[in-house]
Amino acid sequence: MIDVINLNKSFGSHMVLTNINLNIYSQEVVVIIGPSGSGKSTFLRCLNALEQPQSGNIIIEGESLMDGRTKIADIRTEVGMVFQQFNLFPHMKVIDNITLAPIQVRKWSAGKSRNKALELLDKVGLSEKANVYPDSLSGGQAQRVAIARALAMEPKIMLFDEPTSALDPEMVGEVLSVMKDLAKEGMTMIVVTHEMGFAREVGDRVLFMEQGVIVEEGKPEDLFEHSTQERTRAFLSKVL
């Protein structure tokens, strides 16, 4: 579904991503781990055209993000993203946060959008929160609403940028549970996370990044138990 070819991204003279090459397949869960500042979040933002690479190419379902003729807005409707911060509109009720994009972008009717929103709130275990405002939600609840909001567009691909990093430890599990369910349902997912248990349990592939390069990748059991790179082993020894 996604082909990344010789991708390079810099901020001024600082190279953030160097020669990234990656293929991601339908229904695959790819988990990206690594120290802070290794380029993980920037890479995700490039996949959603929130950052513009200096060179290389990103092809999503045959459409190149670097081709000026590609309608980026159309690509973004198929690629949902959940950020570290929840970014819910505080002046809108939960259900209105979820229905806004389908009505505005997908041009769905209010009724269809509302039905979809209620279905998704049930999916993430928050049916009773449809008509409350975001400031009454816990962090874990707010992030689950953010996931529901992204899913309301019926994306083919979901990007998660450290979705549990802003949460209190006891709230992490409820968000990861929703993500695990999505993986079981066959959603194509790319997840940047520090949750090694999730990476080991849910990932089809795990990538270790440092200093803007993919140092090593493999199946979770191979990377966690039989890493071939000293830098990967050193990182894992500190986080496992």
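Mentor: Two strands pair if DSSP finds at least two bridges between them. The model discussed here is a predicted one.

Trainee: Which residue in the turn of the hairpin formed by S9 and S10 has a positive phi?

Mentor: Strand S9 and strand S10 (residues 213-218) are joined by 5 bridges in the antiparallel sense. The two strands form a hairpin with 2 residues between them. In that turn, the residue with a positive phi, of about 50°, is Gln211.

Trainee: How many bridges join strand S3 to S9?

Mentor: Strands of a sheet pair through backbone hydrogen bonds, in a parallel or an antiparallel sense. Strand S3 (residues 29-33) and S9 run parallel. One of the contacts sets Ile33 against its bridge partner Phe208 in S9. The number of bridges joining S3 to S9 is 4.

Trainee: Which residue in S10 does Phe208 stand opposite?

Mentor: Phe208 is the bridge partner of Ile33. Toward S10, Phe208 stands opposite Glu216.

Trainee: What is the angle between the planes of Phe208 and Phe235?

Mentor: The structure holds 1 aromatic pair, formed by Phe208 and Phe235 at 5.1 Å centre to centre. Both of these residues are buried. The pair counts as tilted, with an angle between the planes of 35°.

Trainee: Which are the edge strands of the open sheet of 4 strands?

Mentor: The strand order is S2-S1-S4-S5, with antiparallel pairing. Strand S4 (residues 55-60) pairs with S5 over 2 bridges, where Ile59 has Ser64 as its bridge partner. An edge strand pairs on one side only, and the edge strands are S2 (14-24) and S5 (63-64).

Trainee: Is Asn6 buried or partly exposed?

Mentor: Most residues other than glycine have a negative phi. Asn6, in strand S1 (residues 2-11), has instead a positive phi near 45°. Its relative accessibility is 37%, so Asn6 counts as partly exposed.

Trainee: Where does Asn87 lie?

Mentor: Asn87 also has a positive phi, of about 55°, although it is not a glycine. At 47% relative accessibility, Asn87 counts as partly exposed. Its place is the loop between S6 and H3.

Trainee: From which element does the largest share of the lining of the largest pocket come?

Mentor: The largest pocket holds about 570 Å³ of space. Its lining has 24 residues, and the closest to its centre are Met81, Ala101, Arg149, Ala150 and Met153. Helix H2 (72-78), strand S6 (79-82), helix H3 (94-106) and helix H5 (139-151) each give two or more residues to the lining. The largest share, 5 residues, comes from H3.

Definitions and conventions. Residues are numbered from 1 along each chain as its sequence is written. This is a predicted model: local features need pLDDT of at least 70, side-chain atom pairs count only at pLDDT 80 or more; totals for chains, interfaces and linings use all residues. Side-chain values use heavy atoms; hydrogens and water are left out. On a 1 Å grid over the protein atoms alone, a cavity is a set of points where a 1.4 Å probe fits but cannot get out, and a pocket is an open set with protein on both sides within 12 Å along at least five of seven lines; lining residues have an atom within 4 Å of a point. Grid points are joined across faces, edges and corners, and a volume is the space filled by probe spheres set on the points. Rings of Phe, Tyr and Trp (its six-membered ring) pair if their centres lie within 6.5 Å; planes under 30 degrees apart count as stacked, over 60 as edge-to-face and the rest as tilted. Buried means under 20% relative accessible area, exposed over 50%, partly exposed in between (1.4 Å probe, protein chains only).
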